[in-house]
Amino acid sequence: MPDMSAARIANLYIHVPFCAQKCAYCAFYSEPSGGDLINRYVAALVRELEMVADDLKPKTIFFGGGTPSLLNFRQWEQILRAMERLNLLAAEEFTVECNPATVSSDKAKLLRDFGVNRISMGVQSLDEQLLERLGRIHTRGMVFKSFDILRHAGFDNLNLDLMFAIPGQTMAIWRATLNEAIAMQSEHLSSYEVIYEDDTPLFAQLQAGEIDVDEDLACAMYEELVERATTAGFQQYEVANFARDERTAIQSPDARPQNPIPNFACKHNVNYWRGGSFYGLGPSATSYVRGVRTKNWSNTQLYCEQLEKGKRAVESREELPPLSRAGETAAFGLRMVAGWPFEEFQRTTNFDLRREWPAEMSQLAGRGWGIISSDSFRLTPQGLRFADAAAELFLR
Ligand SMILES: C[S@@+](CC[C@H](N)C(=O)[O-])C[C@H]1O[C@@H](n2cnc3c(N)ncnc32)[C@H](O)[C@@H]1O
Ligand code: SF4
């Protein structure tokens, strides 16, 4: 049972494990949708919400997947009404991930009416051939159309997800996608380099020698991303995340504010990177609550069966020793451009970065990947490009 004497948890993730079809690169847990299983999942999710509601007072909610926008109007209504009944709806930031092929005005309006105020759209590319190669179900036309539908429904905080270093993507194609995406004037932009995840068709193609990986091109594409996005008035606040800092104006780089975390940064993800607690519900979702990490079964059938029996669907539970936990927190936080202010790290973890990791910080500074200042440690632009390798040094 949750410890009700402690402050309630302020961040909630909900995993929707269905996609119309699986994309060639994707290792997130999801399966092709099946009508009845979705209804069963919705009922099970409502049960899971009921089990943790007393320990939650969400400031951020994030429905991810999978493809949350695949749920139909009635299924969304059922979930949102349950959340309303359980007093879970007054979040400051409430995000739903959408696939451009599954956005409709009636669903967009329903979400907006229940307090969803941020949509993250999986665009990946605006090149028709690459979209096909990636196994995406949407066309470039659907991206522009969905964006308009969402704006029309009143969403003033939209994110676009892009990918670079996609096999077959030239610098010219990447520039064209970046230019068009930036011209859409979203409030937020995320862009990850393609990861060859085990057990994906893309990985199999790599293994079979059908794909040439060009690291230099990937680096140049990342530099292009940072340059184009910041010139257009976005502020980079994490390795792959860019946001605007003002609600209205698109700013010139000269007028760029000093706020280390811009207004339109994804507050939900900032909580992850800052080592905060969160509940994760739905199949395969991870929770991190007061130092204990649990993970739900990555099997929707099993997830439903457990909840139908009145049990949580937890597959594993892990309580890390405090120093290991602090090391993970250090590693996550270094992905942010602001790095770790020493005092904030100490407040979060009870450990002092300068005491526990002086050698690692010096090593990174010596390589030109890190900057040690009087009150913080952060990665340089070059260090951010290799943030995973840099962060690994802090794990205990
Ligand atoms: C879980 S997906 C959810 C978005 C939604 N399902 C969609 O694809 O439209 C979140 C984002 O992660 C990124 N992503 C997923 N797999 C990736 C991979 N193997 N390499 C790089 N980025 C990836 C994509 O940009 C994707 O939009
Ligand atoms: S990228 Fe998104 S739509 Fe594609 S399989 Fe993964 S979760 Fe589903």
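# Exercises on a predicted model

The shell around ligand 2 is made up of 4 nonpolar, 4 polar and 2 charged residues. This is a predicted model, in which local features need pLDDT of at least 70, side-chain atom pairs count only at pLDDT 80 or more, and totals for chains, interfaces and linings use all residues. Residues are numbered from 1 along each chain as its sequence is written, chains are lettered from A and ligands numbered from 1 in the order in which they are written, and side-chain values use heavy atoms, with hydrogens and water left out.

**Exercise 1.** State which residues are around ligand 2.

*Solution.* Step 1: apply the cut-off, by which a residue is near a molecule or strand if one of its heavy atoms lies within 4 Å of it. Step 2: list the residues, which are Cys 19, Lys 22, Cys 23, Tyr 25, Cys 26, Gly 65, Gly 66, Thr 67, Asn 99 and Arg 136. Step 3: sort them by class, where Ala, Val, Leu, Ile, Met, Phe, Trp, Tyr, Cys and Pro count as nonpolar, Asp, Glu, Lys and Arg as charged, and the others, Gly among them, as polar.

**Exercise 2.** Determine how α1 and α2 pack.

*Solution.* Step 1: identify the helices, which are DSSP runs (H or I, at least four residues), as strands are (E, at least two), numbered from the N terminus. Step 5: classify the contact of α1 with α2, which has 8 nonpolar, 4 polar and 3 charged residues.

**Exercise 3.** Describe the meeting of helix α2 (residues 73-85) with helix α3 (residues 105-113).

*Solution.* Step 1: the two axes come within 10 Å and cross at roughly 5 degrees. Step 2: that makes α2 roughly parallel to α3. Step 3: with contact taken as heavy atoms within 4.5 Å, Phe 73, Trp 76, Glu 77 and Leu 80 of α2 meet Asp 106, Lys 107, Leu 110 and Leu 111 of α3. Step 4: 5 nonpolar, no polar and 3 charged residues form this contact.

**Exercise 4.** Which residues of helix α12 (residues 342-349) are buried, and where do they lie?

*Solution.* Step 1: buried means under 20% relative accessible area, exposed over 50%, and partly exposed in between (1.4 Å probe, protein chains only). Step 2: Phe 342, Phe 345 and Thr 349 are the buried residues. Step 3: they cover an arc of only 65 degrees around the axis, which puts them on the same side of α12; the arc is that of the directions from the helix axis to the C-beta atoms. Step 4: Glu 343 and Arg 347 are exposed on the other side. Step 5: the cover over the buried residues includes α11 (322-333) and α14 (358-366). Step 6: Asn 350 follows α12 and has a positive phi, near 70 degrees.

**Exercise 5.** Is Arg 335 buried or exposed?

*Solution.* Step 2: its relative accessibility is 15%, so Arg 335 counts as buried. Step 3: leaving out residues up to four places away in sequence, Arg 335 touches Tyr 192, Glu 238, Val 239, Trp 273, Leu 384 and Asp 388.

Methods: Axes are lines fitted to C-alpha atoms, for helices over the stretch in contact, and angles run from 0 to 180 degrees between N-to-C directions. Angles under 35 degrees count as roughly parallel, over 145 as roughly antiparallel, 65 to 115 as roughly perpendicular and the rest as oblique.
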